[in-house]
Amino acid sequence: MTDHDIRVLDDSQYRAAHTLFRGTLHYSPAPDDQWKFAQESYEPGRALGAFADGEMIGTAHSFSSRLAVPGGAVVPHAAVSRVGVRADWTRRGVLSALQREQLRAMRSAGDVVASLRASETVIYGRYGYGVASRYRYLRIDRHRAALRMRPVGRVRLVEGEAGERIARELFDELSPGRTGTISRWPAWWALNLRRVFAEENMKIAVRSGSSGDDGYVVYKVELGEHDPGADKPTTLTVMDLWARDAEAWADLWLFVLGIDLVVEVTAFGRPVDEPVQWLLGDRRACRITDESDETWLRLLDVPAALTARTYREGEPVVIGVRDAYLPENSGSYRVSADGVTRVEDAPELVLDVDALASVYLGDVSFSTLAATRRLDVVQAEALARADVLFAVNEVPWSGSFF
Ligand SMILES: CC(C)(COP(=O)(O)OP(=O)(O)OC[C@H]1O[C@@H](n2cnc3c(N)ncnc32)[C@H](O)[C@@H]1OP(=O)(O)O)[C@@H](O)C(=O)NCCC(=O)NCCS
């Protein structure tokens, strides 16, 4: 018997949940003009509340989405967000109760995987979430960049709703696509773009080539303090950049790097294999200022998730999975290039479901997890077989913050 219980929230409770969540991040309640953007993003059945003494003390939410897995398949995905427990109720098992309920509800709703962005890395491993993709922060000294190229296609600025409409259409065409990319729910755009547009000096530029519009960049420019003796320390930040092909990608970067009166171009949330340095005359003008964990992935339905992705040619391997929160996932799986079957065989490698999530998109290998003591090796030579089967061509990346 616990001193709190978990309930599905209805729309009369969303604002209180939102205020509670913001409070756990030390933000004040959203004023009415911001709440209108958040309100429409609450999805019926996907907001949970923890209650004690008749008050809401914790909350968790998820958005319906889809995620691309190695081989190109797209699976139902829950994007978990707005997780928080009121400061006077922490470390009493409230999050664990919310997680137990949420994991079960998402799996029952047919979501094959869930993912989140973690405020702190110590929280979610115990619930079966593992780091499955990373991203980078970049800083480019524009004057030093010594650009020698110009865009080969046309890049044009598109204002307001028209810009957002083109960006959304291109995004929906391109993501989910690359492994790790996800679909954005309709309210994502209002919350992350329109709301911020209203507050900041953001712009959308669209690139077109021989087959029409094929990429866009959303960026903002922040003016520095005026100093008559020096260039203004104006910074341009790339917020969102998606392109159909390499030509469009290069043109969009060349466009932002070519904008006058900008001293520094920064970007966050970019893929770890994005070759921006190679566009520059002086590659040292581009500094990688940070690399961080991006997708924390949870395999909710392990058989469905393992079956959805493809595997490289190689000898099969039997892996054993442990899942304390969704025990129906626990068991042995024989993985081969022909597919995945549940078996009674003794496993050659045994790992918790969070470690399985980390190898699932291919960002880390079984060997690396073994070397860092994240899995149990029963048959040492099985590691090389697992590495071959799970290897991918492209580093996973999501590119959508939520
Ligand atoms: C993170 C948070 C939701 C945890 O809620 P909680 O109700 O205290 O978590 P629980 O009591 O269920 O904790 C379960 C376990 O995780 C551990 N844990 C949870 N949050 C932790 C944290 N931030 N740091 C270290 N350990 C943590 C607990 O110690 C406990 O460990 P145990 O099972 O070994 O005893 C809460 O601290 C919070 O709201 N933080 C601020 C907002 C935030 O970061 N939200 C997450 C957004 S991604």
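How many bridges join strand 18 to strand 19, and in which sense do the two run? Two bridges join them, and the strands run antiparallel. This is a predicted model. The briefing covers two open sheets, one of five strands and one of seven strands.

**The five-strand sheet**

- This open sheet has the strand order 17-16-15-18-19. Its pairing is mixed.
- Strand 17 (339–343) and strand 19 are the edge strands. Each of them pairs on one side only.
- Strands of a sheet pair through backbone hydrogen bonds, either parallel or antiparallel.
- Strand 15 (residues 317–322) pairs with strand 18 (residues 349–352) in the parallel sense. Four bridges link this pair.
- Val321 sits opposite Leu351 of strand 18.
- Strand 19 covers residues 376–377. Its residue Asp376 stands opposite Val350.
- Strand 16 (residues 331–336) pairs with strand 17 in the antiparallel sense, over five bridges.
- A hairpin of two residues leads from strand 16 to strand 17.
- Two facing pairs can be picked out here. Val335 stands opposite Val340 in strand 17, and Tyr333 stands opposite Arg342 in strand 17.

- Strand 1 (5–8) and strand 6 (130–131) stand at the edges. Each has a single partner strand, so one side of each has no neighbour in the sheet.
- Strand 3 (residues 55–68) and strand 4 (residues 74–85) form an antiparallel pair with ten bridges.
- Ser64 has Ala78 of strand 4 as its bridge partner.

**Helices lying across strands**

- Helix 8 (residues 353–360) lies across strand 15 and strand 18. Helix 8 runs at about 100 degrees to strand 18.
- Helix 8 also lies across strand 6 and strand 14 (296–299). Here the angle to strand 14 is about 115 degrees.
- Helix 10 (residues 382–390) lies across strand 15, strand 16, strand 18 and strand 19. Helix 10 runs at about 90 degrees to strand 15.

**Helix 1 against helix 2**

- Two packed helices are described by the angle between their axes and the distance between the axes.
- The axes of helix 1 (residues 14–24) and helix 2 (residues 32–39) come within 11 Å. They cross at roughly 110 degrees.
- Helix 1 contributes Tyr14, Arg15, His18 and Arg22 to the contact. Helix 2 contributes Asp32, Gln34, Trp35 and Ala38.
- By class, the contact has three nonpolar, two polar and three charged residues.

**The ligand site**

- There are 20 residues around the ligand. Val83, Val85, Arg91, Ser119 and Glu120 come nearest.
- A nitrogen atom of the ligand is 2.8 Å from an N or O atom in the Glu120 side chain.
- A ligand oxygen atom is 3.0 Å from an N or O atom in the side chain of Arg126.
- Ser96 takes part through its backbone: one of its polar backbone atoms is 2.9 Å from an oxygen atom of the ligand.

**Two backbone details**

- Most residues other than glycine have a negative phi, and most peptide bonds are trans.
- His26 is not a glycine, yet its phi is positive, about 70 degrees. His26 lies in the loop between helix 1 and helix 2.
- The peptide bond from Ser175 to Pro176 is cis. Its omega is near 5 degrees.
- Pro176 is in the loop between helix 4 (160–174) and helix 5 (186–199).

How values were computed: Residues are numbered from 1 along each chain as its sequence is written. This is a predicted model: local features need pLDDT of at least 70, side-chain atom pairs count only at pLDDT 80 or more; totals for chains, interfaces and linings use all residues. Side-chain values use heavy atoms; hydrogens and water are left out. Two strands pair if DSSP finds at least two bridges between them. Axes are lines fitted to C-alpha atoms, for helices over the stretch in contact, and angles run from 0 to 180 degrees between N-to-C directions. Contact means heavy atoms within 4.5 Å. Ala, Val, Leu, Ile, Met, Phe, Trp, Tyr, Cys and Pro count as nonpolar, Asp, Glu, Lys and Arg as charged, and the others, Gly among them, as polar. A residue is near a molecule or strand if one of its heavy atoms lies within 4 Å of it. A polar contact is a pair of N or O atoms within 3.5 Å; within protein, one must be able to donate a hydrogen and the other to accept it, and residues adjacent in sequence count only if both atoms are side-chain atoms.
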